[in-house]
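Subject: Structure handover

Hello,

Please find the structure below, with notes on what was found in it. The notes go one region at a time.

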Amino acid sequence: IGWPGEGGWPHACNAWQCGTNQPSVGYDWSWDCYVEQGGGGGRDWFGRRRTTTTITTTSTATTTTLTLTTTTVTTTTPAPPPPGVTLPRTTTTRTLDMSTCVDKSGSRYKLDWAAQGPSFFDEWEFLQWDSNNGAAHYLPREEAVAHKVAEATETHAILRVGNKTSPGKRKSAKIRTNRRWKHFLAAVRFTHVPYGCGLWPAFWTNGWGARWPDGGELDVLEYVNDVLSQTSFHTGSEHTCKLDFNQLNRPDCEHIPDLNNMNYDCTTSYPGKLGCAPNRVPIQSPAEWNMSPVTFVVEWTDVFIKVFKIPDHLMPPDLLTDNPTPSMWDDDLITAYYPLARSAECAGSIEYLAPQQLILNIGMCGDWSGKIWSMSPTCNNLHGPSSGCRAVDPLFETNLTEDCCTQFVEDASDEYGANEYFERNGFFNITWLKVFTPDDMPDLR
């Protein structure tokens, strides 16, 4: 079946019937196993059979209530491929117990700060600079609200791409928390994330008061065009950090590869040094996240950093009640792991990592999205000009008039349908964002 608005491009899934109960089964080209949709249960993207946990959202003019039912977990063999269909990659199923393979803080956390409801944006700074040489024109708060690039309601907040503005630019938003935290648990629930051609969205943290990237940067989610999303960590040359290969590739544990192919060296200096990206595989397409709400959680301690990806049906009850204890959560929810203290070439740098501010933004084109346009199969020659343009690398060229991505985003003559495309695809829908601190940590505010 074609993805809506993509002219029949076979991006979503192929559906068929199988099994004794004939569930509806979908396979996305960017997934590595099957997802059963509907019925009394579901198969998550790891290929493990789970009963369905339901979160029911009830909204009124003043409140939003989430009701959780519990879940049980068993495992089965992944569903077979449909007759006559060749899968693009080998199906990957996680079978090893991760409980002894990652450090756990043992901390119970308390709520320190939350952004939600009509006041969602009250404690954020709207940044206007773009260090990625892209097509985003980041607006101050007053303009972002006036142009509906930023909206906050009782039940959710929106950050979106707006209309085109100056030549080669389009309105967008980049927001950063006024507060910062050294050791914390941060959680954000999305019901939609930006995804598609020309887009470069990110949810990330950055060290306060330090020269980038010496204070540390964690990219919780970041991707461009039709690229899959992965987490990555960046440190500077003054206090280098290289994770221990053996800690992430123990023989009795699931191996966690560095998807940046930097041999777990987190030291960053573009374009040669990309930082480290130890992610559990398979990673996912953000298009899948938009099929059902997902919550990302970062646990940052003086020993490790973890990133959890939690679909609604596996939401830990203690997270909903604002007293999370992540050491008690299912380790299968961990999507990235950074064993800082257990890495000899990193442990000495931990104390130099600065308190982190949280950042959300939607970039466009520039050093990544525009640069790899020709390698993006759902974008190249399908959106924007079909000829007469090329992928321009702004790190080496300053004239972007020939850049395919920039021409699509600008859509100067309204011939590419960019306004409609970004209205449909270019936005974050955020239920809430919360930051917790360890329950035994003194309040230093």
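**A contact at Ser285**

A polar atom of the Ser285 side chain lies 3.0 Å from the backbone nitrogen of Ala287. Please keep in mind that this is a predicted model. Ser285 sits in the loop between β20 and α3 (286-289). Its relative accessibility is 0%, so Ser285 counts as buried, the limit being under 20%.

**A surface patch**

β20, at one end of that loop, covers residues 273-274 and contains Leu274. Leu274 is partly exposed, with a relative accessible area of 31%. Together with Trp212 and Tyr270, Leu274 makes a nonpolar surface patch of about 290 Å².

**The six-stranded sheet**

The next item is an open sheet of 6 strands, in the order β9-β14-β24-β16-β17-β18, with antiparallel pairing. The edges are formed by β9 (124-126) and β18 (232-234); each has a single partner strand, so one side of each is left without a neighbour in the sheet. From one strand to the next, the twist averages 20°.

The pairings can be followed from the β9 edge. β9 is joined to strand β14 (residues 174-177) by 3 bridges, in the antiparallel sense. Here Phe126 stands opposite Ile175 of β14. β14 in turn runs antiparallel to β24, also with 3 bridges. Beyond β24 in the order comes β16. Strand β16 (residues 199-207) pairs with β24 over 9 bridges, again antiparallel. One of the pairs involves Ala202, whose bridge partner in β24 is Asn361.

**Strand β24**

How many residues of strand β24 (residues 356-364) are buried? The count is 9 of the 9, so the strand is largely enclosed by the rest of the structure. The side chains are divided between two directions: Gln356, Leu358, Leu360, Ile362 and Met364 point one way, while Gln357, Ile359, Asn361 and Gly363 point the other way. Residues on both sides are buried.

Regards

Conventions. Residues numbered from 1 in each chain as written. Predicted model: local features only at pLDDT ≥ 70, side-chain atom pairs only at ≥ 80, totals over all residues. Heavy atoms only, no water. Patch = residues over 30% accessible without salt bridge, like charges linked within 9 Å, V, L, I, M, F, W, Y side chains within 5 Å. Areas by Shrake-Rupley, 256 points an atom, 1.4 Å probe, with all protein chains shown as cover. Salt bridge = Lys/Arg side-chain N within 4 Å of Asp/Glu carboxyl O. Helix = DSSP H or I, 4+ residues; strand = E, 2+ residues; numbered from the N terminus. Buried < 20%, exposed > 50% of the residue type's maximum accessible area, 1.4 Å probe, protein only. Pairing = 2+ DSSP bridges. Axes fitted to C-alpha atoms, helices over the stretch in contact; angles between N-to-C directions. Polar contact = N/O pair within 3.5 Å; in protein donor to acceptor, adjacent residues only side chain to side chain.
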